[in-house]
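The following paragraphs lead through the packing and the salt bridges of the structure shown here.

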Amino acid sequence: MLNELQRSILLALIAVVFCTKNGRNLMMKLLRDGLHFIPISIRRLGLSNSWRLPLRTNRFFLNMGTCPIGKENQWVQKVKKDSWEGVWIGPNLNSLSQAEEIAVNQDVILYYIHGGGFVMGHAAMYMETFQTIIKTLYKEFGINAGILSLEYGLSPEQVWPKACFESVDGYRYLIHDLSIPPSKVIFMGDSAGGNIVASTLLILKDQRNIEELKELPPLPFPAGAALFSPWIDLTPVQTIHQSDTLSSNLLSRCLPYYLQDLSLIQHPHASPFYGAFDSTMCSLFISYGEHELLRNSIESFISKLKTNDCHPIVLKGENESHIWFMSSLMSTSKQVYQKDLKAFITWITGCCQA
């Protein structure tokens, strides 16, 4: 039994941890670091069965587990416009005007669109990776980079094609409002975000024929686009690869929230797999894991691109699953995460030099 002094000390420690911001940040960091000690097979199994939870619960746990903590918040500056929202990510940001002033003088702007099955996730959910990319580009290659991450409206509150047009409007802000050359912009997106990135490229290609865009000043293609484990084809997926963080049940649950008219499932702006990509668009980087549930559709998409004279740089993660290098928790090891993220960063430097 605890004596009165010991109980007082314990209560004081609990108060420090749960009732102070620094205490909560410390606890969250310890919890996140502790997840690395759980075997990757258990982590994958838990994530693949998350479809069993209510959407609101999934959102809560994902946001709690990925929101910026501590000094990470000094890297985040919100931007809110009439038709879209997002966050600027970079060191020591304290105002939107400062973030925009820095952006126009950067060597490259990475325009990020997050995943989450179109129904969850947020613009600052990969701070570990965002910080690593920015720091590595500067320290090892002398390249100053900033990230604009889109906070698109989630489904079912907003449905297709709203997120696609938010993506276009965010890009318009970079090109027309901030006058950043398209040669300095690279699109990036994981999973559902990879779908939106690919859809955005097709919308840019078709913009003169799209009612909402044809009267607006045209937008050129960016320097490059990176698709990480993209949900490129929304048609039903059979469970073939059993050790992924995704499951066909999870995808089938998310799909009707996003695309309410399933007769449009093969529309190129919904399933970019069915779009006409060509070599005039921009450089492409595509990554996927050996154990991807989406592996077959991604490999078929890569084959279609090559047939159309598009030759993307492809990174296949051996023994890896969905979006393994967007978070070290998704990877089989921190060493693999760092190695494959470095390969992507090297591709960015090639786009900057092109």
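**Salt bridges, surface and core**

Lys162 is partly exposed, its relative accessible area being 36%; the classes used here are buried for under 20% relative accessible area, exposed for over 50%, and partly exposed in between, with a 1.4 Å probe and protein chains only. The model is a predicted one, in which local features need pLDDT of at least 70 and side-chain atom pairs count only at pLDDT 80 or more, while totals for chains, interfaces and linings use all residues. Residues are numbered from 1 along each chain as its sequence is written, and side-chain values use heavy atoms, with hydrogens and water left out.

Lys162 forms a salt bridge with Glu166, with 3.7 Å between the closest N and O atoms; a salt bridge is a side-chain nitrogen of Lys or Arg within 4 Å of a carboxyl oxygen of Asp or Glu. Glu166 is buried, at a relative accessible area of 6%. The two residues are 4 residues apart in helix 7, so about one helical turn separates Lys162 from Glu166. Helices (H or I, at least four residues) and strands (E, at least two) are DSSP runs, numbered from the N terminus.

The structure holds 8 salt bridges. Another one of them joins Glu157 to Arg59, the closest N and O atoms being 2.9 Å apart. Because Glu157 lies in the loop between strand 4 (145-150) and helix 7, and Arg59 in helix 4, this pair ties together parts that are 98 residues apart in sequence. Glu157 counts as exposed at 54% relative accessibility, whereas Arg59 counts as buried at 18%. A salt bridge also links the side chains of Asp278 and Lys205, at 3.2 Å from N to O. Asp278 is in the loop between helix 9 and strand 7 (283-289) and Lys205 is in helix 8, so here the parts tied together are 73 residues apart in sequence. Asp278 is partly exposed at 22% relative accessibility, and Lys205 is partly exposed at 34%.

Helix 4 (residues 55-66) also contains Phe61, which is partly exposed with a relative accessible area of 46%. Phe61 forms a nonpolar surface patch with Leu53, Phe60 and Met64, and together they have about 380 Å² of accessible area. Such patches are made of residues with over 30% relative accessible area and no salt bridge, where like charges are joined within 9 Å and nonpolar side chains (Val, Leu, Ile, Met, Phe, Trp, Tyr) within 5 Å. The areas come from the Shrake-Rupley method with a 1.4 Å probe, and for residues only the protein chains shown count as cover.

In the loop between helix 3 (40-48) and helix 4 lies Ser50, which is buried at 12% relative accessibility. Beyond its neighbours within four places in sequence, Ser50 is in contact (heavy atoms within 4.5 Å) with Asn58, Leu250 and Arg253.

Leu250 is one of the buried residues of helix 9 (residues 248-258), along with Ser248, Leu251, Cys254, Leu255 and Tyr258. Down the axis of helix 9, the buried residues fall within an arc of 145 degrees, so they line one face of the helix; the arc is that of the directions from the helix axis to the C-beta atoms. These buried residues pack against helix 3, helix 7 (162-177) and helix 8 (192-206).

Leu251, Cys254 and Leu255 are among the residues that Trp231 touches, not counting residues up to four places away in sequence. Trp231 is among the residues with the most contacts inside the largest nonpolar core, which has 69 residues. A nonpolar core is a set of buried Ala, Val, Leu, Ile, Met, Phe, Trp, Tyr and Cys residues joined through side-chain atoms within 4.5 Å.
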